[in-house]
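Here's a quick tour of one protein model, written for someone who likes cut-offs spelled out. Have a look at the structure first, then read on.

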Amino acid sequence: MFRRLLFAAALLLAGGVAQADCSGPVLRVADGDSLHVSCDGQDTTVRLQGIDAPEWRQAYGRRAKKELAALVEGRELRLLGSEIDSYGRLLATAWLGDLNINREMARRGYAWAYRRYLHDPALLDDEAQARQQRLGLWADPQPVPPWEFRPPPWKRRQTLH
């Protein structure tokens, strides 16, 4: 935990623009767009940049987690990121060899292109293709985006550690 905070602080002190380029095995998958990677020996919490997967209690949330786990669990990823979010997670693009995992989750229909934080416009094409083929969550005639499902920040319960 302390190392993760130091890593986050280092990026923030650098103006949030220092490039994080690290590799390591996936330790565990938290949900459809978050995972823990042993990034150069440090347990690093990673948020897949540019996508938003269904929440755990939301329709397709558990399936999105299983899909991401099937792709990456126990495998070696390369992370490219340059920002730390408000939860202390590294925002990154995850690569499994030549496979962009962020885009793959959108292509398989288990994540939306997160328009609010979109840096890779190709994610919009990936989402549109999955929607057209009714893959994953797009099998639902009216899927609810996670940003509409989540309670607004002022209604979220704060936990003390």
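A residue counts as buried under 20% relative accessible area, exposed over 50%, and partly exposed in between, using a 1.4 Å probe and protein chains only. This is a predicted model, so local features need pLDDT of at least 70 and side-chain atom pairs count only at pLDDT 80 or more, while totals for chains, interfaces and linings use all residues. Residues are numbered from 1 along each chain as its sequence is written, and side-chain values use heavy atoms, with hydrogens and water left out.

**Confidence.** pLDDT is the predictor's confidence in each residue, from 0 to 100. The average here is 87, and 82% of the residues score at least 70. Residues 1-6 stay under 50, and the model gives them five contacts (heavy atoms within 4.5 Å) beyond four places in sequence. Residues 8-18 are also below 50, with eleven contacts beyond near neighbours in sequence. Where pLDDT is low, the predicted coordinates should not be read in detail.

**The disulfide.** With a disulfide taken as a pair of cysteine sulfur atoms within 2.5 Å, the count comes to one. The partners are Cys22 and Cys39, with their sulfurs 1.6 Å apart. Cys22 sits in strand E1 (residues 20-31) and Cys39 in strand E2 (residues 34-39), so the link ties together parts that are 17 residues apart in sequence. Strands (E, at least two residues) and helices (H or I, at least four) are DSSP runs, numbered from the N terminus. Both cysteines, Cys22 and Cys39, are buried, and at -115 degrees about the S-S bond their link is left-handed.

**Strand pairing.** Two strands pair if DSSP finds at least two bridges between them. E2 and E3 run antiparallel and are joined by six bridges, with Val37 standing opposite Thr44 in E3. The two strands make a hairpin with two residues between them, and Asp40 in that turn has a positive phi of about 50 degrees. E3 also runs parallel to strand E6 (residues 90-96), joined by three bridges; Arg47 has Leu91 in E6 as its bridge partner. Five of the seven residues of E3 (residues 42-48) are buried, so the strand is largely enclosed by the rest of the structure.

**Helix H4.** Which residues of H4 are buried? They are Leu123, Asp126, Glu127 and Ala130. The face turned away from the buried side carries the exposed residues Asp125 and Gln132. Just after H4, Arg134 takes a positive phi of about 55 degrees.

**Aromatic rings.** Rings of Phe, Tyr and Trp (its six-membered ring) pair if their centres lie within 6.5 Å; planes under 30 degrees apart count as stacked, over 60 as edge-to-face and the rest as tilted. The whole structure has four such pairs, and two of them are tabulated here.

| Pair | Centre distance | Plane angle | Type |
|---|---|---|---|
| Trp112 and Trp147 | 6.1 Å | 70 degrees | edge-to-face |
| Tyr114 and Trp147 | 5.5 Å | 10 degrees | stacked |

Trp112, in strand E8 (residues 112-113), and Trp147, in helix H5 (residues 146-149), are 35 residues apart. Tyr114, in the loop between E8 and H4 (122-132), is 33 residues from Trp147. Trp112 is buried at 5% relative accessible area, Tyr114 is buried at 11%, and Trp147 is partly exposed at 33%. Ring pairs link Trp112, Tyr114, Tyr117, Trp138 and Trp147 into a cluster.
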